[in-house]
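Hi everyone, thanks for making time. I'd like to walk you through a few helices today, so let me put the sequence and the model on the screen.

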Amino acid sequence: MSLSHHHDEAAFDPLRLGQRSLVVKSVFVLAGTLVLALASQISVPMVPVPITMQTFAVTMIGALYGWRLGAMTILAWLGEALVGFPVLAGGAGGIAPFMGPTAGYLASFPIIGALVGLLAERGWSGDRVVRCFLAHLSANILCLAIGGAWLAALIGAEKGWLLGVAPFILGAVLKSALAAAVLKAVKTYGGKAKLN
């Protein structure tokens, strides 16, 4: 078996975006920003802090789109937010979310989307459920680390941990497990449906 054949076999590209035209990729970027905006409004009630599906959508875009197009989609969505569209959690938009307590998390999103996309392209997705879970969990933990570090700089390390990291660890685990399950289903059943 050649190395290129092995790479093609390991690559996870269920939407076949690597083969599509620039116009089609642009449509996927726009659709991805819409998915990210909608997911940002979905809140799962948890104690003590509700968890949004924002990071779930970010890592899924990375896995499904690949690291380059995934990061580009996430950056486009953040650009929409920056110019004032209400696409972030709670309908936020404008410059304020990029300057306040959420800035670190927002800065981490293209990084974690690219990380998951890169790992998915190397086979850490689809049928490899444990690796897929670990890819998403590592991205979620990285998001919490970057967001928590920014928060700690604003309000102190202890408060940053208590308010910006600890309450979200369980959510990170649950969202990573959900992502692994969804991507396993995509791999299993996606091959049966043809995307033209």
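Let's start with the buried residues of α6: these are Cys132, Ala135, His136, Leu137, Ala139, Asn140, Cys143, Leu144, Gly147, Gly148 and Leu151. Please keep in mind that this is a predicted model.

Now hold on to Cys143, one of the buried residues I listed, and hop over to helix α5, residues 103-121, where Ser108 sits. Leaving aside residues up to four places away in sequence, Ser108 touches Cys143 and Ile146. Is Ser108 buried or exposed? Its relative accessibility is 0%, so Ser108 counts as buried, the cut-off being under 20%. Its side chain also has a polar atom 2.7 Å from the backbone oxygen of Tyr105.

My last stop is a helix pair. The axes of α3, residues 54-65, and α4, residues 67-82, come within 6 Å and cross at roughly 145°. That crossing is right-handed. Who meets whom here? From α3 we have Gln54, Val58, Ile61, Gly62 and Tyr65, and they meet Trp67, Leu69, Gly70, Thr73, Ile74 and Trp77 of α4. By type, the residues of this contact come out as seven nonpolar, four polar and no charged.

Definitions and conventions: Residues are numbered from 1 along each chain as its sequence is written. This is a predicted model: local features need pLDDT of at least 70, side-chain atom pairs count only at pLDDT 80 or more; totals for chains, interfaces and linings use all residues. Side-chain values use heavy atoms; hydrogens and water are left out. Axes are lines fitted to C-alpha atoms, for helices over the stretch in contact, and angles run from 0 to 180 degrees between N-to-C directions. Helices (H or I, at least four residues) and strands (E, at least two) are DSSP runs, numbered from the N terminus. A crossing is left-handed if the near helix is turned anticlockwise from the far one by less than a right angle, and right-handed if clockwise. Contact means heavy atoms within 4.5 Å. Ala, Val, Leu, Ile, Met, Phe, Trp, Tyr, Cys and Pro count as nonpolar, Asp, Glu, Lys and Arg as charged, and the others, Gly among them, as polar. Buried means under 20% relative accessible area, exposed over 50%, partly exposed in between (1.4 Å probe, protein chains only). A polar contact is a pair of N or O atoms within 3.5 Å; within protein, one must be able to donate a hydrogen and the other to accept it, and residues adjacent in sequence count only if both atoms are side-chain atoms.
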